[in-house]
Amino acid sequence: MKTVGYWYSKDFPTLPMPLGAPRPWKGEEEFLAALQVVETICRTDHYKGSSTCRICGCSNGSEECRTDQFRWPTGLRHYVEKHHIGLPEDFVKYVLAKAK
């Protein structure tokens, strides 16, 4: 299972730092609509505590979504909506297909 949307922290120093972009990427709006659908049908695990956005510091949730191929924090939506973080192409294609 592949992971998407986990970022650097003092506890996980080998993960990448998220890099925002000044404007939405091509297909971002369609992806976010599909992500909303997929997050209603994925398995959701709840964790104690809350993650904070590595870019702006806002509270970013404490849940993780899982499907047969990927897992990601529910706060991933924030990174895409507010900071236009680019995501792996295979994940974007998977979410778009799974939402149909």
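1. The charged end of Arg 71 lies over the ring of Tyr 6, at 5.3 Å from the ring's centre. This value, like those that follow, is computed from a predicted model.

2. In one of them, the ring centres of Trp 72 and Phe 91 are 5.2 Å apart and the planes meet at 65°, so the pair is edge-to-face. Trp 72 belongs to strand E4 and Phe 91 to helix H3, so this pair links distant parts of the chain, 19 residues apart. Trp 72 is buried, with 0% relative accessible area, and Phe 91 is buried with 0% as well.

3. Ring pairs also build a cluster, made up of Trp 25, Phe 31, Phe 70, Trp 72, Phe 91 and Tyr 94.

4. Helix H1 covers residues 28-41 and spans 20 Å from its first C-alpha to its last, close to the 20 Å expected. Its buried residues are Glu 28, Phe 31, Leu 32, Ala 34, Leu 35, Val 38 and Glu 39. These fall within an arc of 165° when seen down the axis of H1, so they line one face of the helix. In an α-helix, residues three or four places apart point the same way because there are 3.6 residues a turn.

5. The face of H1 turned away from the buried side carries exposed residues: Glu 29, Glu 30, Gln 36, Thr 40 and Ile 41. The cover over the buried residues of H1 includes strands E2, E3 and E4 and helices H2 and H3.

6. His 84 is not a glycine, yet its phi is positive, about 55°. His 84 is placed in the loop between H2 and H3. Its relative accessibility is 13%, so His 84 counts as buried, the cut-off being under 20%.

Conventions: Residues are numbered from 1 along each chain as its sequence is written. This is a predicted model: local features need pLDDT of at least 70, side-chain atom pairs count only at pLDDT 80 or more; totals for chains, interfaces and linings use all residues. Side-chain values use heavy atoms; hydrogens and water are left out. Helices (H or I, at least four residues) and strands (E, at least two) are DSSP runs, numbered from the N terminus. The expected span of a helix is 1.5 Å times one less than its number of residues. Buried means under 20% relative accessible area, exposed over 50%, partly exposed in between (1.4 Å probe, protein chains only). The arc is that of the directions from the helix axis to the C-beta atoms. Contact means heavy atoms within 4.5 Å. Rings of Phe, Tyr and Trp (its six-membered ring) pair if their centres lie within 6.5 Å; planes under 30 degrees apart count as stacked, over 60 as edge-to-face and the rest as tilted. A charge sits over a ring if NZ of Lys or CZ of Arg is within 6 Å of the ring centre and within 35 degrees of the ring normal.
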